Amino acid sequence: MMTNTQKNAACLARFRQYIAEQKAGLKKRYEQSLAQDLSRQQWDGCFQRNVLAVLEQAYADALAQLQKLPFDNSETPVHQGLSDLTRQALAAFDGFVDDFLQFVVDKHRTSCALSNFPDEHKPDKAYVIEVKRGIAGLWQNFALSANAYFLETR
């Protein structure tokens, strides 16, 4: 029989594996979203719109995945309102957004279809920072939802 700690470690390992597997799919979803925008001639704001849409869906899917795993957090410590399981689950995303944004910026810079739209073809620092602010809001919502889930199921 597994202890709570072992059970939760196994769930976290499964979650980390899930997140690792999502990276390739995330890129594919972005490419599909960008292609749809380009086919509709919706160039303006496509970088921001598609990055946020793809990440919003990825975080929603990740939360659903967390909720499917059989965590037993009845004995999990909570520090200043943050479950230890939340902290460990969030760690699965280390480098996730940075890798994705690098892929997206590279994709835009090599896109012939976007070459006539300089703001989208080569997003400047201010535009990227604006997108990162949007990502931070999505991340905060995800983290709070994950933490709420772990606290409610104690």
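This is a predicted model: local features need pLDDT of at least 70, side-chain atom pairs count only at pLDDT 80 or more; totals for chains, interfaces and linings use all residues.
Not counting residues up to four places away in sequence, which residues does S33 touch?

**View 1**
Taken along the principal axes, the C-alpha atoms fill a box of roughly 60 × 30 × 20 Å. Among the contacts with a separation of 6 or more, 80% are made by residues 24 or more positions apart. The side chains include 18 positive and 18 negative ones, and the centres of these two sets lie 3 Å apart.

S33 lies in helix α1, and, with residues up to four places away in sequence not counted, S33 touches N50 and V54. S33 is counted as buried because its relative accessible area is 19%, and the cut-off for that class is under 20%. K28 also has its place in helix α1, which spans residues 4–39, but K28 is exposed, with a relative accessible area of 53%. From K28 to S83 the distance is 33 Å, C-alpha to C-alpha, and the two residues are 55 apart in sequence.

**View 1. Two loop residues with positive phi.**
Q41 is found in the loop between α1 and α2, and although Q41 is not a glycine, its phi is positive, at about 55 degrees. With 59% relative accessibility, Q41 counts as exposed. Q80 is found in the loop between β1 (78–79) and β2 (82–83), and Q80, likewise not a glycine, has a positive phi of about 50 degrees. The relative accessible area of Q80 is 86%, and Q80 is exposed.

**View 2. The largest nonpolar core.**
In soluble globular proteins, nonpolar side chains tend to be buried together. In this model the largest nonpolar core has 44 residues, and those with the most contacts inside it are F15, Y30, F47, V51, L55 and F142. Two or more residues are given to this core by each of the elements α1, α2 (46–68), α3 (84–90), α4 (96–109) and α6. Once its neighbours within four places in sequence are left aside, F15 is in contact with A62, Q65, L66, L69, A89, A92, F93 and F142.

F47 is found in helix α2, and at 0% relative accessibility F47 counts as buried. Leaving aside neighbours within four places in sequence, F47 is in contact with Y30, L101, V104, V105, H108, E120, P123, Y127, V128 and V131. F47 and Q36 are 11 residues apart along the chain, and their C-alpha atoms are separated by 12 Å.

**View 6**
A pair of aromatic rings is described by the distance of the centres and the angle of the planes. With ring centres required to lie within 6.5 Å of each other, the count comes to 14 aromatic pairs. In one of these pairs, the rings of W139 and F142 have their centres 5.7 Å apart and their planes at 35 degrees, so the pair is tilted. Both residues belong to helix α6 (residues 125–152), and because W139 and F142 are 3 residues apart there, about one helical turn separates them. W139 is partly exposed, with a relative accessible area of 27%, whereas F142 is buried, with a relative accessible area of 3%. One aromatic cluster is formed by F15, Y18, Y59, F93, F96, W139 and F142. Two members of this cluster, F15 and F142, are also listed among the residues with the most contacts inside the largest nonpolar core.

Terms used:
Residues are numbered from 1 along each chain as its sequence is written. Side-chain values use heavy atoms; hydrogens and water are left out. Rings of Phe, Tyr and Trp (its six-membered ring) pair if their centres lie within 6.5 Å; planes under 30 degrees apart count as stacked, over 60 as edge-to-face and the rest as tilted. Helices (H or I, at least four residues) and strands (E, at least two) are DSSP runs, numbered from the N terminus. Buried means under 20% relative accessible area, exposed over 50%, partly exposed in between (1.4 Å probe, protein chains only). Contact means heavy atoms within 4.5 Å. Lys and Arg count as positive and Asp and Glu as negative; His and the chain ends are not counted. The place of a charge is taken as NZ of Lys, CZ of Arg, CG of Asp or CD of Glu. A nonpolar core is a set of buried Ala, Val, Leu, Ile, Met, Phe, Trp, Tyr and Cys residues joined through side-chain atoms within 4.5 Å.
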